[in-house]
Amino acid sequence: MNRLIVFAVLLAYSININCQESLQFVYGPKYNLRLLIVPFDPIIYYNDATSEIAPKYNMSHDELMMYFRTELNRFLNNSLVDSCYTVNLLNDNTKVARQDLAGIYTNISYEMRSSMQNKPEDPDDEGLFEKLLNKKKHEKAKENKEGELYKTYTSNGEIHNKRSSTKNLYLHIVFKDPDFIPELSVRRKVDRFLFINQFEIKGNYENPYASGTNEFTRTLKVHFSIYDHLGDLVHGSYASVDIPFYLYDKEKIVSNYFPEIVRQIIHNIEFAY
């Protein structure tokens, strides 16, 4: 009987050891990278549906703006926590975080530039031709970082501006102090910066016959820039998705369309470097 008890104890111990060896618990994100998320400046916000959405919830323009700002920040943070360490200034209520955010907004200005080619969500879906084409587009956009909203031409010895299409342009940020980002990266111990440059919801009015139909849409567009710890631009572009023109439900806008916006953004972040 005693032998049976000893055997059972040894068997249970052996099983327990094997289980411990086979189970591997992973704590923390997959990559050892720290990413600082910078939400868009409240003054860089545009929504031509505010007059329809805000009264529905008895909200002011600023309250609706803050709702979208907070929700986009939340979606971004939640989508990144499994991949990297995030530094979230909007959720940090400390005085230092508020000062950092104010300092960032003070040290940047904005200009329109040619957008870089966003990476596809599944690179395997890209054929060889598309890969070559997108590579050329990306290289051209990178070389043309000074892409402007207004092109210039000379007539009778005078320089004139000629307005060009903004379809493939994004709102880019420029640092007034080039040392600001390197210094902030050291103090905050971050490797990458994700800047949300602008949030906009804008109606597509090109086709007047679409008014009142299901084809009538607005475009939700989020401009963003990714910088490394040295202050060098890694990627700059925009994420966009069309939403029904007559959708005035702020919760549905967030739950149905923010995930697509966030996916387009984070697929351009290189977590392993």
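Biologist: Where is Asn107 placed?
Modeller: This is a predicted model. In it, Asn107 sits in the loop between α4 (95–106) and β4 (108–114).

Biologist: Is Asn107 buried or exposed?
Modeller: Read the relative accessibility against a cut-off. Buried means under 20%. Asn107 has 16%, so Asn107 counts as buried.

Biologist: Which residues does Asn107 touch, leaving out those up to four places away in sequence?
Modeller: Asn107 touches Val174, Phe175, Lys176, Asp177 and Phe180.

Biologist: What share of the protein chain is buried?
Modeller: Buried residues are 42% of the 273 residues. The accessible surface is about 16500 Å², and carbon and sulfur atoms hold 53% of that surface.

Biologist: How many helices and strands does the protein chain have?
Modeller: Seven helices and 10 strands.

Biologist: How do I read a pair of packed helices?
Modeller: Two packed helices are described by the angle between their axes and the distance between those axes. Now take helix α3 (residues 61–80) and helix α7 (residues 250–266). Their axes come within 10 Å and cross at roughly 45 degrees. That angle is why α3 is oblique to α7. The crossing of α3 past α7 is right-handed.

Biologist: Which residues of α3 and α7 meet?
Modeller: From α3 come Leu64, Tyr67, Phe68, Glu71, Leu72, Phe75, Leu76, Ser79 and Leu80. They meet α7 residues including Ile253, Val254, Phe258, Ile261 and Ile265. The residues of this contact comprise 15 nonpolar, one polar and three charged.

Biologist: What about contacts across the protein chain?
Modeller: Take contacts between residues at least 6 apart in sequence. Of these, 72% join residues at least 24 apart.

Terms used
Residues numbered from 1 in each chain as written. Predicted model: local features only at pLDDT ≥ 70, side-chain atom pairs only at ≥ 80, totals over all residues. Heavy atoms only, no water. Helix = DSSP H or I, 4+ residues; strand = E, 2+ residues; numbered from the N terminus. Buried < 20%, exposed > 50% of the residue type's maximum accessible area, 1.4 Å probe, protein only. Contact = heavy atoms within 4.5 Å. Areas by Shrake-Rupley, 256 points an atom, 1.4 Å probe, with all protein chains shown as cover. Axes fitted to C-alpha atoms, helices over the stretch in contact; angles between N-to-C directions. Parallel < 35°, antiparallel > 145°, perpendicular 65-115°, else oblique. Left-handed = near helix turned anticlockwise from the far one by under 90°. Nonpolar A, V, L, I, M, F, W, Y, C, P; charged D, E, K, R; others polar.
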